[in-house]
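Open the model in your viewer and keep the selection tool at hand.

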Amino acid sequence: MSAPITVCVTGAAGQIGYSLLFRLAAGDCFGPDQPVKLRLLEIPPGMKALAGVVMELVDCGFPLLHGVEISDDAFVGFEGVNAAFLVGARPRTKDMNRADLLTANGPIFTTQGRAIAARAASDVRVLVVGNPCNTNAYIAQQSAPGVPANRFHGMTRLDENRAKGQLASRAGVTPGAVTRVGIWGNHSDTMFPDYRHALINGRPATEFADEAWFQGEFLKTVATRGKAIIEARGASSAASAAAAAIDHMGAWHHGTAQGDFTSMAFPAPADNGYGVPEGLVFSFPVTVSGGNVSIVPGLLHDDFARARLAATQAELEAERTTVGSLLTAG
Ligand code: NAX
């Protein structure tokens, strides 16, 4: 058995937390030989419910769970943390547009970025789930001087998994037969699930349906899946979001399978090969080995894909401009 790693989850008393914590404690993310200590962060109104969740974690008797601590102070919650899931965020209310949501979330992610820089372990990896996750990741990263920028990720794995589910249903195969599904851009309905490079049982996915299906029903279903779930369930995606967070952090920790890739959003390096402005938190198809994340090089885009990438990039640039004043003010 290795020494325990310390994992922080924010928004731990929320819906996603209620699925994520139990999977982390069961070893689904870091493996069956890796003990974990959980640090759960909430805001004061969430602390009572969180105490109940902790009782349930204790009642599961997970052998890998080497401790649970709770706090409503980010500077306590991130102490010595190796992996952080930033799930808690201000929910969008009916009267809010995307810019209002960004502004409302700014203070949460500036504070958490500062606390991570001050208190987390030097190998910390941060996955932002709380929406709008790309730009919240950007805010946290910009607020964490001294932490390498590439340690801050936004989660587009749920979009990837949704795309895989649709491709598998269409081809009549199980999702495990679908590989190389890259998500480009923002976790919003502008993101582009790159069906052209996807494989089904090693064959191009484009052999399994015509272009009209990919550009129409497929893209629409993936982009509007979150809304469809809210309409059906009366609540937003939770277990599938937690599963995607486990998949993302698990791939970062263990690496990607030979010949496959996955999707991660992070500050674009200057030499990203796809013309994305440096520092923009943009989702790319990536491979991971030894904890190092590499953008898949040389993927060719036709005019349709290029237009989709330009649209999602423009949305992210506008979001970055919206939050710019928050960062300079802080
Ligand atoms: P819930 O409202 O059930 O839970 C959020 C929890 O965060 C609450 O318990 C709240 O008290 C807590 N919280 C708020 N501010 C906090 C802070 N500053 N520090 C610590 N805790 C704080 O939401 P849930 O359904 O769990 O969703 C959480 C976030 O995930 C939302 O922003 C949601 O939009 C986002 N999602 C992101 C997805 C993705 O693919 N990137 C998909 C699922 C989900 O929509």
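Helices (H or I, at least four residues) and strands (E, at least two) are DSSP runs, and their numbers count from the N terminus. The coordinates are a predicted model.

**Stop one: a loop between strands.** Select Arg 180. This residue belongs to the loop between β7 (178–179) and β8 (182–184). Check its backbone torsions: phi is positive, about 55°, although Arg 180 is not a glycine.

**Stop two: a cis peptide.** Go to Asn 131 and Pro 132. The peptide bond from Asn 131 to Pro 132 is cis, with omega near -5°. Pro 132 lies in the loop between β5 (125–128) and α5 (133–142). Asn 131 is among the closest residues to the ligand.

**Stop three: the ligand shell.** How many residues surround the ligand? There are 23, and the closest are Gln 15, Ile 16, Glu 42, Val 129 and Asn 131. By class, the shell holds 12 nonpolar, 10 polar and 1 charged residues.

Show distances to the ligand. A backbone N or O atom of Gln 15 is 2.9 Å from a ligand oxygen. For Ile 16, a backbone N or O atom is 3.0 Å from an oxygen atom of the ligand. Gln 112 uses its side chain: a polar atom there lies 3.5 Å from a ligand nitrogen. Taken alone, the ligand exposes 870 Å², and the protein buries 81% of that.

**Stop five: the site as a whole.** The ligand sits in the largest pocket. Colour α1 (15–26) and α4 (98–119): these elements give two or more residues to the shell. Now colour by domain. Domain 1 (5–154) and domain 2 (157–316) both contribute residues to the shell, so the ligand lies between them.

Definitions and conventions
Residues are numbered from 1 along each chain as its sequence is written. This is a predicted model: local features need pLDDT of at least 70, side-chain atom pairs count only at pLDDT 80 or more; totals for chains, interfaces and linings use all residues. Side-chain values use heavy atoms; hydrogens and water are left out. A residue is near a molecule or strand if one of its heavy atoms lies within 4 Å of it. A polar contact is a pair of N or O atoms within 3.5 Å; within protein, one must be able to donate a hydrogen and the other to accept it, and residues adjacent in sequence count only if both atoms are side-chain atoms. Accessible areas come from the Shrake-Rupley method with a 1.4 Å probe; for residues, only the protein chains shown count as cover. On a 1 Å grid over the protein atoms alone, a cavity is a set of points where a 1.4 Å probe fits but cannot get out, and a pocket is an open set with protein on both sides within 12 Å along at least five of seven lines; lining residues have an atom within 4 Å of a point. A molecule sits in a cavity or pocket if more than half of its atoms lie within 2 Å of its grid points. Ala, Val, Leu, Ile, Met, Phe, Trp, Tyr, Cys and Pro count as nonpolar, Asp, Glu, Lys and Arg as charged, and the others, Gly among them, as polar. Domain bounds come from an automatic or database domain assignment.
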